[in-house]
Amino acid sequence: MTNNASNEALTIQGGTPLSGEVTVKRAKNSALYLILASLLTTEPIRLQDVPRLSDVDVILDILRHVGVDVRWHGRDLFLQAKHIHTCSAPYSLVSKMRASFVIMGALLARCGESRVSMPGGCAFGPRPIDRHIRAFKSLGVTISEEGGDFYARRDDLLSGRVVFEAPTVGGTQNVILACAASSREVIIENAALEPEVGDLCTMLSEMGAEITGAGTSVITIRGVEGLKGVTYRPISDRIEAGTFMMATAATRGVVTLRDVDAGIFGQVIDKLRESGVRIEVEEANSLLVDARGELRPIDVEATEYPGFPTDLQAPFSSYLATIPGRSTVRDRVYPDRFTHVAELQRAGVDLKLNDRTLEIFGGDLSPARLHAADIRAGGALVIAALAAPGRSVVTGVKYLDRGYEALGERLRGLGANVHRFGIPRDLATGTYG
Ligand code: EPU
């Protein structure tokens, strides 16, 4: 990873089917919260095989700021929150990444109070935190808002029932982190079912927490004081795996994914198969993706887990854009998550966004200059560039670095012609191209 990614681009000479094997990294969206769990104990935590991503660096900067000792040893991360200097996470850090708002629960558990800035907006529309706030209030937390900061305080152990009006992944994890070490009994209803929530519960249970119902919509937590240290390896990154699967499919390639958990793909495998891709669960933790057969357009709707993930909606749109005929894509989680659409149009794709449904009239893609405005739009544009015969340039590499470790290098390992290069600062913006 580079610190200069806002000034870099990928050139991709597309049109070559991907082939070979790729090992999938551990899940970013697990690792971020497992790292926060280190605040719940004074004992050492060792997280194994943590992905090297700029989002991970951001959460680690916040932990260092509050006083956690952070050390890397190869890909393992050693964390120890022996002494905390502050229970406050400032805007300069929280604004870099929305997920950092989840430190509110962990600090509330550790210090009895926390001050966390309101996270900023995001490239694919508003992403409010109202459900987090209402959840804390329903457990007796006092929350006030001052100058863009939320100040939360608990005068006692948390107890009661949180009923989310609709599931929220971050909100569920915020409450779990707040309660695992400092609650009586707390019941979360309509909890998020995403496997990354289950992963946090598994790690906390190994630290001594009493949590039941993870992976179902009702989670019960009985706070246990004095959680222990643990050595823990996050689950496999189903979104990274899905992105490689869609890149394989878009280039009509054959790739084996190693170190995946086929059990956590929700509808991804079903939808790829429905479109004609052959997918075999080869042996424990390996998936073969073969897209050399006849492919057909299909309709997909992103919903909460176990539905098709919103994070793969944009990459899947790029893949569908390579299949002649009409496909449709709808996102029920983030109805405005379509920053990739205008970019795909620049690659010659015929697309119409009507009433939050994307109609894709697939066919041949042309090489183009493409700009990524968020992590998964970045994944989508790399896929489009891989599928388009000729030389494309993808800017917005800093977003890829947030969620995909060494993507260019790993695609090269699958035979793709991808290179990263520095571009002049004045061209390193969304207006490039
Ligand atoms: N929502 C509210 N109010 C809230 C919280 C959420 O209205 O207080 C809405 C959101 O606006 C959205 C829906 O509820 O429409 C679901 O949001 P959720 O809270 O579940 O998302 P999140 O926790 O902010 C995580 C992932 C996202 C992923 C979503 C949905 C992390 C770090 N982020 O976000 O991943 O898209 O769940 O699965 O876990 C990514 O990796 O690129 C990414 C954006």
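Before the first stop, a word on pairing: two strands pair if DSSP finds at least two bridges between them. Strands themselves are DSSP runs of E with at least two residues, helices are runs of H or I with at least four, and both are numbered from the N terminus. What you are looking at is a predicted model, in which local features need pLDDT of at least 70 and side-chain atom pairs count only at pLDDT 80 or more, while totals for chains, interfaces and linings use all residues. Residues are numbered from 1 along each chain as its sequence is written, and side-chain values use heavy atoms, with hydrogens and water left out.

**Stop 1: strands around β15**

Select residues 254-258, which are strand β15. Strand β2 (residues 19-23) runs parallel to β15, and five bridges join the two. Whether parallel or antiparallel, strands of a sheet pair through backbone hydrogen bonds.

**Stop 2: two open sheets**

Next, show the open sheet with strand order β22-β23-β1-β24, which has four strands and mixed pairing. Why is one side of β22 and of β24 left without a neighbour in the sheet? Because β22 (369-371) and β24 (417-422) stand at the edges, each with a single partner strand. From one strand to the next, the twist averages 25 degrees (axes are lines fitted to C-alpha atoms, and angles run from 0 to 180 degrees between N-to-C directions). Zoom in on strand β1 (residues 8-14), which pairs with β24 in the antiparallel sense over six bridges. Glu8 has Gly422 of β24 as its bridge partner.

Another open sheet has four strands in the order β18-β19-β21-β20, again with mixed pairing. Its edge strands, β18 (299-302) and β20 (350-354), each pair on one side only. The twist in this sheet averages 15 degrees from one strand to the next. Select strand β19 (residues 325-331) with strand β21 (residues 357-362) to see an antiparallel pair with six bridges; Arg326 has Phe361 as its bridge partner in β21.

**Stop 3: the ligand**

Which residues are closest? Of the 24 residues that surround the ligand, the closest are Asp130, Thr168, Gly170, Asp311 and Val333 (a residue is near a molecule if one of its heavy atoms lies within 4 Å of it).

Colour the shell by residue type and you will find eleven nonpolar, five polar and eight charged residues; Ala, Val, Leu, Ile, Met, Phe, Trp, Tyr, Cys and Pro count as nonpolar, Asp, Glu, Lys and Arg as charged, and the others, Gly among them, as polar. Helices α1 (28-36), α5 (130-138), α6 (169-179) and α12 (375-387) each supply at least two shell residues, and α1 gives the most, with four. Colouring by domain shows at least three shell residues from each of domain 1 (5-25 + 236-427) and domain 2 (28-232), with bounds from an automatic or database domain assignment.

Now look for polar contacts, that is, pairs of N or O atoms within 3.5 Å. Side-chain polar atoms lie 3.0 Å from a ligand oxygen atom in Asn29 and 2.8 Å from one in Arg376. For Arg337, the distance from a side-chain N or O atom to an oxygen atom of the ligand is 3.4 Å. The ligand taken alone exposes 820 Å², of which the protein buries 89% (accessible areas by the Shrake-Rupley method with a 1.4 Å probe).

**Stop 4: two backbone details**

Most residues other than glycine have a negative phi, and most peptide bonds are trans. Select Tyr305 and Pro306: the peptide bond between them is cis, with omega near 10 degrees. Pro306 sits in the loop between β18 and α10 (313-320). Finish at Asn190, which is not a glycine but has a positive phi of about 60 degrees. You will find Asn190 in the loop between β11 (183-189) and α7 (195-206).

Conventions:
A polar contact is a pair of N or O atoms within 3.5 Å; within protein, one must be able to donate a hydrogen and the other to accept it, and residues adjacent in sequence count only if both atoms are side-chain atoms.
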